[in-house]
Structures are given as C-alpha cells and as structure tokens.
Amino acid sequence: MSSPLFLGFDLSTQQLKAVVIAEDASIVHESAVHFDRDLPAHGTTNGAVKGPDEGEVTSPVLMWLEAIDLVMQRVKNAGVDLSAIAGISGAGQQHGSVYWSEEAEKALAAMNPKRSLADPGHLAPRAFALPNAPIWQDSSTTKDCRDLEAAVGGPQVLADLTGSRAYERFTGPQIARIRRLKHAAYRDSARISLVSSFIPSLFLGHIAPIEVSDASGMNLMNVLTCKWDDALLEACGGPELRAKIGPEPVVGGTILGRISKWWVERWGFNPDCIIAPFTGDNSATVVALSAPGDALLSLGTSTTLLLSIPPADSPPARFTTSHLLSHPTTLDAQIAMLCYKNGALAREQIRDRCAGADWARYNELVEQSLHGSSGFMGFYFPLPEIIPPGVQGEFIFQCKDNEEPQIVHGLQPDAPQHARAILESQFLSIKSRIAAILPAHSPPLQRLIVTGGSSANQTIRQLAADVFGMRVYVAESKEAAGTGGAVLAKFAWWKAQVGGANGSFEEMTMDTGEAERMRLVATPKGEVTKVYDGLVDNYRLCEERVVRLCGQA
C-alpha cells in the first residue's frame, strides 16, 4: 500500500489552490486556478463582482464549482495518485457565505459521476437560493452592523461575546442585510454555509457543519463556549436562522464523514478517504506555520498579527480594535488577530521619500540611527487606519521621560529619521496591544514567524526581533493556507489512526516527524529589547494624542 497523502484546498478571493502533502507534511504537488484568467466567462475582477448596490461585493458560486472541476483535472493530470489521498480539508476566505436552497441536500446526494460539478442543472442553479455569495470585501452592511451592536448593548459587549465588534464583512450582518432586502432569497435558503463549509459539503454529498475558528468571524458565536448565541441569531436572522445555520460549530481534527461516491467513481478517490472540517484562511495559516505560544506577523500590503494563545485559567481580553478567534485544533485555545491597513504602502512611501526608492539605502539609514530614535516618534497613516480606528495623516513627536510628548513641526519629508521611526511605530503599536490581550501569567511568546513581502528584508527582521524580544523565523512555503488545510486533514486522519480523540496537534507533529518548515533569521539583542520595553508607555501617550488630533479635525 502506498504512503498516505493529504489534500488541502484554499478557496481565496482570486484563486483556488490545491496542495498535496505527504505524511511528513512535505509538499508533493500544488495546482491553482486563477478565476479572472482561467474562468473569464464570469466577468470577475480579482475574483469578485461589484454591485449592483453601493458597497456590494460578491463571487459567483458557479465559478467556484467550475474551479473545483478544473483544479481536480490539473491535480490528476500531474500524476497525483488520488486513490492514495487519505484525508481532505482546507481553507476558505473568511466571512463569505453561500445560500443553499430546499433542493440542495437532494441535489448533493444524487450527484451523477458522468456530470461535472458545474454542469448546468447538476447543482447550479437549483441547489442555491442566491447565485452569488457575499464575500469579505463587501461593505454594504453598515446599518446592519449598528443595529446588531445596539441590540446587544454596544460594540464592546458584542466584542466580549463574539471576539469582535460588528464589521461590515462579518457574516451575521451580511445575513441580516439579505433578510432585510432579499426576502424571497432568505426565505428560500434552507441552509447557510461559510465558504469553508461549502467545499466539504461537495465532498460529503450533504451540507457540512461550520467549523469553530471560522465561525468566530460571523458575530453569531460565543467565542468562549464555541456555541451559537440565540440572541445574536435572532438579531441577525430571526427565529428561523437557528435552523438555517445548522448544528453547533465543530472543532478541527474531527471526521465529518467519508468522501461521497461521486468522487470515488468520477475521480478515483479511495472510498475510505475522510473529510475533515475546513477553516478560515487566517486560521489555516496559523495551523501551517505556528503553534500555541507563537506569533505570526504578515508584513504585506496590510500588516496582520496572528497570536496563538494557549489555554489559560482566564480568557484573553477582547477589544473593539482586535479580533479573537477560537483555535482550529486546540479546544480552549484562541487566536488573537490585529489588522492594520497602513502596512507596506506606508513603508514604501517613506522609502521613496528618504532613500530614493532604494531598499539598500533605506536599510543603511535605519542601521545608522539609534534604537528608539532618541525619543523621536513618527505615525504614518496615508490611508484611514483600522487600529486606532479612522486616524489619517502624519504625526511626529519628541518624547522625554515622564513628560508630555511634544509635536514636532517643520521636519522635512525626506529627513532620515523617518526611516527607522515608521518601523518602530508600526511594531510598537502591536507590542503595546499584545500585552493587553494576553491573559495574566501567560508564558512568554516563543517565536515570531514573519511572512509577506517585507519578511525578506533582514534589517526589518532584526528590528522586529529586537522590538518584540523574540527569535524571528521565516516560513519556507508560500502556500500557507492550502498547506494548513492539508495538515488539518492529516490531523483528523492521525487522530483516528493513532492519537485517539484526545490526541493533540503537537503530539501529531512529533509523532509523524514533520519536516521543519522554518528558518531562523534573527535573534533579539536583550539590551535593545529593554530600550523598546521602556518606549511602550511613550508610544501609548503619542497614539492617544493622534486620536485626539484626528477627532478635532
């Protein structure tokens, strides 16, 4: 018998990826379907359709069905032995939702192996109450967000309950808007899936439950009990939403069932292949790249911190500027998430101004300046920021110990101080919030794993190590969410084979000798970290001033 393989999918905004891994988690094969390029008939731009309403952004469900057909053909054409695949899981773009019709269960159970998923009349349109799925870029639900917060007693109450205040992209407000404006479609929706529960439904031949970590992005689940909250269901979808949303959320690493016979007969899968819950893309990235006690810092267009928090006696704090998600593999563990809009764009603007668009020159300016910038602190928000909310503009301060920070006027836009100041302020914003989120008596964080475009810059990596006081690693694989999906499939298979119901994710990684996918790139200098520890209070004072100044404007 051949060694088991595991198949992970990542259905993101612009493409569908399939990643096949071996038992040691090494990547055997990767394929992708790019929606705009490979499936142009759907008329998407970057995988999405805007309108017709203001702020409305959706993706055609039929396009996703076609993409699954096409990516499977590419995996098979590459010579992957589909009969060796022992488990399937994956990731979906967070928050997106799919609306199944009354006929859906019957259509899924009766799929004909002579017909493709996307064959007209096979599943679509009859299995769907809405042909297009609202996705995370949708911003048409502001009224529904404010209504939901008002129904529970305000944004902080909602954040304490669900891990986040109401956001336009979250699924609860999206459902509320469809109920409000598209009565017939809502009435005809027998079940509502997330993108992450839509795909396993196709593999099972019946509608899959929603997974706990991705359910955390809905404003509908109690993030500490991992159960649906009746008051929130009622506020967003009325008394009927409880039935439409399905059973209580399931934890990763469980077995939802065996693959349906359509896949066995059409593609040659083994009938014993298991289907495990799919999760959200951020949670799958955490699974692929980190363990509880690690922090994951994505230095891309936006800056995102994902913090794996091990189970503790007291829960992490919830805030209206951050997100708390249930962990996909470890019950009672959480993932804290901070997301900043002004990431690479702001850094590149400073590089262009101070270093003539040359990264080597920019790095020299950073390395020639003092840690802590001699009390000079800069805030750079070319776009309206998420954390702190709504601030925009550029603000420069001079800080002295125990004194109110002074605003600095007249500093030239190309002054060399900006080069270090933007990195320090971006990292100090995160550092100041980590301490507030972590439960009391938490063990120190172990590793900082950096991803995204700026993670290749050694000067930025070293500064991150020094500010956070953590060893910095880079990941070897670029396809983190798809790999995380395949690892989740392996986790469910391993628990059934070896680990038992109580087997932990960490035991699995040790037991199966997983290939190390991290490379150490920077080690903190203790005396420099002390400098930054001492700057956190000054940073907070300056940020409060920025918020006040923007409020006055």
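**Close-up 1. Serine 326 is a buried residue in strand β17.** In this predicted model, serine 326 has a relative accessible area of 2%, and it counts as buried because buried means under 20% relative accessible area, with exposed over 50% and partly exposed in between (1.4 Å probe, protein chains only). Strand β17 covers residues 323–326; strands (E, at least two residues) and helices (H or I, at least four) are DSSP runs numbered from the N terminus. Beyond its neighbours within four places in sequence, serine 326 is in contact (heavy atoms within 4.5 Å) with Val212, Ser213, Ser216, Met221, Val223, Cys226, Ala333 and Ile335.

**Close-up 2. Leucine 194 is found in strand β9.** This strand spans residues 191–194. Leucine 194 is buried, at 1% relative accessibility. Its contacts, leaving aside neighbours within four places in sequence, are His95, Gly96, Ser97, Thr171, Ile210, Asp214, Ala215 and Met218. Isoleucine 245 lies 51 residues away from leucine 194 along the chain, and their C-alpha atoms are separated by 9.4 Å.

**Close-up 3. Aspartate 511 lies in helix α19.** The helix comprises residues 505–511. Aspartate 511 is partly exposed, at 46% relative accessibility.

**Notes.** Residues are numbered from 1 along each chain as its sequence is written, and side-chain values use heavy atoms, with hydrogens and water left out. Local features need pLDDT of at least 70 and side-chain atom pairs count only at pLDDT 80 or more, while totals for chains, interfaces and linings use all residues.
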